[in-house]
Amino acid sequence: MSAAPGTDRAAEDPRRTGAGIEARRTAGAWQTLRRGLALAPQLRRGLTLTLLLAAVATAGKLVVPIAVQQTIDVGLLDPDGPRLGFVVAATSAAALTLAVTSSAQYAMISRLVRATETALAALRVKAFRHIHDLSVLSQAAEQRGSLVSRVTSDIDQISRFMQWGGVIMLVSLGQLVLATVAMLVYSPLLALVVLACFAPLALVLRWFQRRLSAAYDRVRRKVGALLSAIAESVVGASVVRAYGIGDRTTQRIDRAVEEEFDATYRAGRFAAGMFASGEAIAGVATGLVIVVGVPLGLAGGLAPEGEPWVGRLAAFTFLVNLFVQPMQVATEVLDQAQKAISGWRRVIAVLDTPPDVADPERHPVTGDASGGGDAPSGTAVSVPPGPIAVRFDHVWFRYPTGPPVLRDVDLSIAAQSRVAIVGETGSGKTTFVKLLTRLMDPTDGEVRVNGVALPDVGFSSLRRRLVMVPQDGFLFDASIADNVRYGRPSATDEDVEVAFTELGLADWLERQSDGPATPVGERGEALSTGERQLVALARAYVADPDLLVLDEATSAVDPGTEVRIQRALESVTRGRTALSIAHRLSTAEAADEIVVFDAGRIVQRGSHDALLEDPDGVYAGLHASWVAGTRAAVDPR
Ligand SMILES: Nc1ncnc2c1ncn2[C@@H]1O[C@H](COP(=O)(O)OP(=O)(O)OP(=O)(O)O)[C@@H](O)[C@H]1O
């Protein structure tokens with residue numbers, strides 16, 4: 001053996017370890033935003049025009065206060081009497097400006113929505129494809145499920161911020177600056193009064209926002225708990241009924257509903273408090289503006305000597321409102337910005353995790369499995385045509401968390417031979433076939449098909465020529481025919497029926513209520529375990545691979561179905577290289593060769609009869625227990 005078998009390339013890769021992912025999660029906000037923008041270039045497209053429109057929309061906010069001031073001071077309170085012509089001109093100009101700025105706002109928001117949705121849709125596709133590629137080694141199926149939901153909610157968070165928070169942030173900031181400048185121009189003293197009122201509000205809002213943020217976190221946790229309580233009770237409905245634990249399950253759901261209600265109500269109260277205090281302080285500030293402004297105006301402190309000041313005071317009350325709005329939303333927007341940045345961080349961390357098993361068609365085999373590279377590399381090859389021969393060249397494998405489970409497996413399998421893989425539970429059989437079908441890559445050594453190393457083979461060629469029928473033969477919630485078509489999407493109804501006939505299952509198919517169109521239910525629940533296997537075999541048959549890998553189901557089926565499965569297996573493996581993980585004596589007996597695994601090593605190889613000649617061998621032991629098991633099944637006494 002050339003390299004230390006305990007060295008797991010995947011597990012040692014710093015990009016894939018927990019520490020590596022954690023480091024990326026704590027990357028700085030600026031760095032994260034830059035990476036985020038690089039990953040979603042559509043966000044930057046046309047951004048200059050969008051920002052310009054935002055500036056126009058924000059400037060428009062000053063139209064009303066200025067129009068009010070001009071109408072009163074210049075139009076109505078002119079020393080020579082009201083100038084109605086000016087009032088009409090001023091209000092018309094204001095209306096026109098408002099129409100322009102509202103259109104600018106509409107255009108800005110729709111541009112922003114289009115840019116973010118396009119970018120985030122592309123990001124979603126990229127992230128989900130990548131999660132799919134992360135495959136079996138580092139994650140169990142459930143972990144992948146939670147990764148999918150995490151990425152979904154992270155991207156939603158980013159989208160919410162980009163479309164709502166981002167706009168508000170831009171407009172609010174501009175609004176705050178404009179309102180402050182306008183107030184300072186009209187009256188620096190009154191402006192100071194307003195600023196003094198809002199200083200404590202900033203503190204109050206910060207306090208509310210902290211609590212609100214914690215309260216919303218709690219709501220999210222409670223919603224999660226509620227969903228999992230409901231999902232568990234639905235998925236495990238049969239166990240709940242079988243053990244009569246319906247009451248306990250209902251109580252758990254009731255409790256979860258109550259806690260979710262409490263959390264939401266509490267968060268709602270904080271939000272109400274936050275907005276109410278903003279409104280209250282705006283009211284106080286407006287009151288103070290009047291209280292301080294009127295004497296100030298009367299004393300000539302609001303306008304130059306001889307000029308009217310009432311309009312300025314009225315305009316001030318509008319400016320206070322313009323000033324308070326950004327203050328009210330600022331903390332919430334900042335909170336959203338934080339969440340969006342941490343969402344970006346997590347999505348980037350997922351995208352930066354190199355796939356355990358990279359498709360050379362999509363991820364170049366240059367050692368740079370950066371995860372983002374979708375460019376065709378041109379290095380992918382196809383499995384050479386003809387029947388498939390397999391070579392395991394001193395293969396070692398260990399899962400990231402444990403000791404080696406395959407040890408120096410060195411094996412050649414001739415094309416078109418039928419091989420049964422046998423061994424005690426946990427001896428490494430499933431791991432062996434996962435390496436053959438490239439669900440995982442060896443820690444050390446190499447697997448080749450027709451002389452080509454598996455990592456060089458493009459997935460499209462690999463999946464066409466090598467098919468694995470897993471133990472549970474997963475069925476989708478569709479008809480029997482549609483499930484079979486997953487093996488070859490172009491298969492016609494006739495092809496499907498021919499497949500069942502060829503496998504000796506025509507009579508079974510006919511007996512189904514609606515023939516090939518019979519729905520199988522969720523996960524195939526409307527069929528028995530054995531029947532699900534029959535459909536899975538028909539699916540493998542229409543896929544017409546050159547190498548078929550079967551993980552035989554361990555669950556017992558009735559003798560009639562057992563005979564059908566054996567017959568179907570016999571047909572489906574004919575003329576192909578076939579490897580079966582055999583849990584049944586009959587499968588082992590029918591094989592051309594049996595490979596016996598024990599504690600990760602191949603300990604015996606040969607035909608059934610030859611292997612039985614060694615009474616102390618592992619195979620003889622397995623055989624004895626099969627025979628005993630079969631006898632017990634026939635005669636349960
Ligand atoms: N995802 C995993 N992570 C860590 N260890 C694993 C994982 N999958 C399997 N193992 C371990 O690898 C060893 C071999 O497992 P494998 O599933 O290949 O055995 P098997 O011979 O197919 O068993 P069975 O007949 O029960 O299916 C076992 O010790 C198992 O605990």
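Two strands pair if DSSP finds at least two bridges between them. With that in hand, turn to the sheets of this predicted model.

Six strands build an open sheet with mixed pairing, in the order β6-β7-β8-β3-β9-β10. Its edges are β6 (466–469) and β10 (601–606). Each has a single partner strand, so one side of each lacks a neighbour in the sheet. On average, neighbouring strands here are turned by 20° against each other, direction ignored. Inside the order, β7 and β8 pair in the parallel sense, over five bridges. Val549 stands opposite Leu579 in β8.

Helix α17 lies across β6 and β7 and runs at about 175° to β6.

Next comes the core. The largest nonpolar core has 70 residues. Ile421, Leu537 and Ala538 have the most contacts inside it. α17 gives the most to this core, with nine residues. Take Ile421 and leave aside its neighbours within four places in sequence. Ile421 is then in contact with Lys429, Phe432, Leu579, Ser580, Ile581, Ala582, Val595 and Phe597.

Now follow α18. Which of its residues are buried? They are Arg564, Ile565, Ala568, Leu569, Val572 and Thr573. Seen down the axis of α18, these buried residues fall within an arc of 145°, so they line one face of the helix. The face turned away from the buried side carries the exposed residues Pro559 and Gly560. What covers the buried residues of α18? The cover includes strands β3 (418–423), β7 (547–551) and β8 (577–581). It also includes helices α16 (506–511) and α17 (529–543). Just after α18, Gly575 takes a positive phi of about 75°.

A further sheet remains. Four strands form an open sheet in the order β2-β1-β4-β5, and their pairing is antiparallel. Here β2 (404–413) and β5 (452–453) stand at the edges. Each has a single partner strand, so one side of each is left without a neighbour in the sheet. Strand β1 (residues 390–398) runs antiparallel to β4 (residues 444–449), and five bridges join them. Trp396 has Asp444 in β4 as its bridge partner.

Definitions and conventions. Residues are numbered from 1 along each chain as its sequence is written. This is a predicted model: local features need pLDDT of at least 70, side-chain atom pairs count only at pLDDT 80 or more; totals for chains, interfaces and linings use all residues. A residue is buried if 20 or more other C-beta atoms lie within 10 Å of its own, exposed if 12 or fewer, and partly exposed in between; C-beta atoms are placed from the backbone. Helices (H or I, at least four residues) and strands (E, at least two) are DSSP runs, numbered from the N terminus. The arc is that of the directions from the helix axis to the C-beta atoms. Two residues are in contact if their C-beta atoms, placed from the backbone, lie within 7 Å. A nonpolar core is a set of buried Ala, Val, Leu, Ile, Met, Phe, Trp, Tyr and Cys residues joined through C-beta atoms within 7 Å. Axes are lines fitted to C-alpha atoms, for helices over the stretch in contact, and angles run from 0 to 180 degrees between N-to-C directions.
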